[in-house]
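Please consider the sequence and the structure shown here before reading on.

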Amino acid sequence: PIEFVENIGAGEEQDGGYFACAVKTPHKALSEILKFRGTVATGYGRGGKKLGFPTANLPSSLFAEALADVRTGVYFGWAVIESPQDGSGGGAGYDIPHKAVVNVGYSPTFEGKENGEKIIEAHLMPESELTDFYGQKMRLLLGGFLRPERKFPSFPDLIAAINNDVVCAKQALDLEPFVGLKTEEFVAGSGADSEENEEEASWDTQEWH
């Protein structure tokens with residue numbers, strides 16, 4: 001995607017002229033915001049152990065329909081880990097938004113061990129402590145896209161790409177319109193009404209304001 005940066009004004013060297021330049025950005029906004037809510041599964045154990053990027057996976061069996069028309073690739077947005085509904089209280093970092101970079105796809109670099117179904121693998125990037133949250137409900141709002149999913153020739157190449165994804169996602173989420181998504185009701189509020197709280201999985205799309 002291309003971002004246009006303009007400067008209109010007079011100066012000694014500009015001589016009252018008009019200046020504009022195009023800057024390539026590593027991200028783009030989605031046409032529609034994607035929202036998912038479900039219980040974090042343990043996944044394949046590859047993100048943290050092999051790559052150094054632990055992920056919060058949403059069960060493929062519950063989100064197959066939701067992901068049917070979602071393009072494979074790397075997205076970014078905001079994630080919230082919900083405190084248990086039984087009133088037992090949550091851990092550190094629960095109920096607040098965290099930046100997230102998210103792969104939607106099949107993990108093709110793991111040749112012979114690819115995901116059997118398209119899945120959501122979210123790497124959360126908390127700015128403070130976030131205790132273990134497997135088995136807890138997670139709300140995930142995706143507003144931007146970084147790159148298509150691809151098969152890398154080696155794991156070091158994949159790790160380098162993920163490191164770049166993390167940097168780009170963090171930077172993008174500090175900019176509008178993505179930083180504003182942190183205040184959306186789905187992220188900042190309860191995220192779901194009482195009826196949806198009983199569901200194992202829910203998803204929706206939302207237009208930009």
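Rings of Phe, Tyr and Trp (for Trp, its six-membered ring) are taken as a pair if their centres lie within 6.5 Å; planes under 30 degrees apart count as stacked, over 60 as edge-to-face and the rest as tilted. This is a predicted model, in which local features need pLDDT of at least 70 and side-chain atom pairs count only at pLDDT 80 or more, while totals for chains, interfaces and linings use all residues. Residues are numbered from 1 along each chain as its sequence is written, and side-chain values use heavy atoms, without hydrogens and water.

Under the pairing rule, the count is 6 aromatic pairs. One of them joins Phe36 and Phe63: the ring centres are 6.1 Å apart and the planes stand at 70°, so the pair is edge-to-face. Phe36 belongs to strand β3 (residues 28-39) and Phe63 to helix α2 (residues 60-67), so this contact ties together parts that are 27 residues apart in sequence. Helices (H or I, at least four residues) and strands (E, at least two) are DSSP runs, numbered from the N terminus.

Buried means under 20% relative accessible area, exposed over 50%, and partly exposed in between (1.4 Å probe, protein chains only). Phe36, at 3%, counts as buried, and Phe63, at 1%, counts as buried.

Phe63 also pairs with Trp203 in a tilted arrangement, with 5.8 Å centre to centre and 55° between the planes. Because Phe63 lies in helix α2 and Trp203 in strand β9 (residues 201-206), the pair ties together parts that are 140 residues apart in sequence. Trp203 is partly exposed, at 35%. Phe36, Phe63 and Trp203 form one aromatic cluster.
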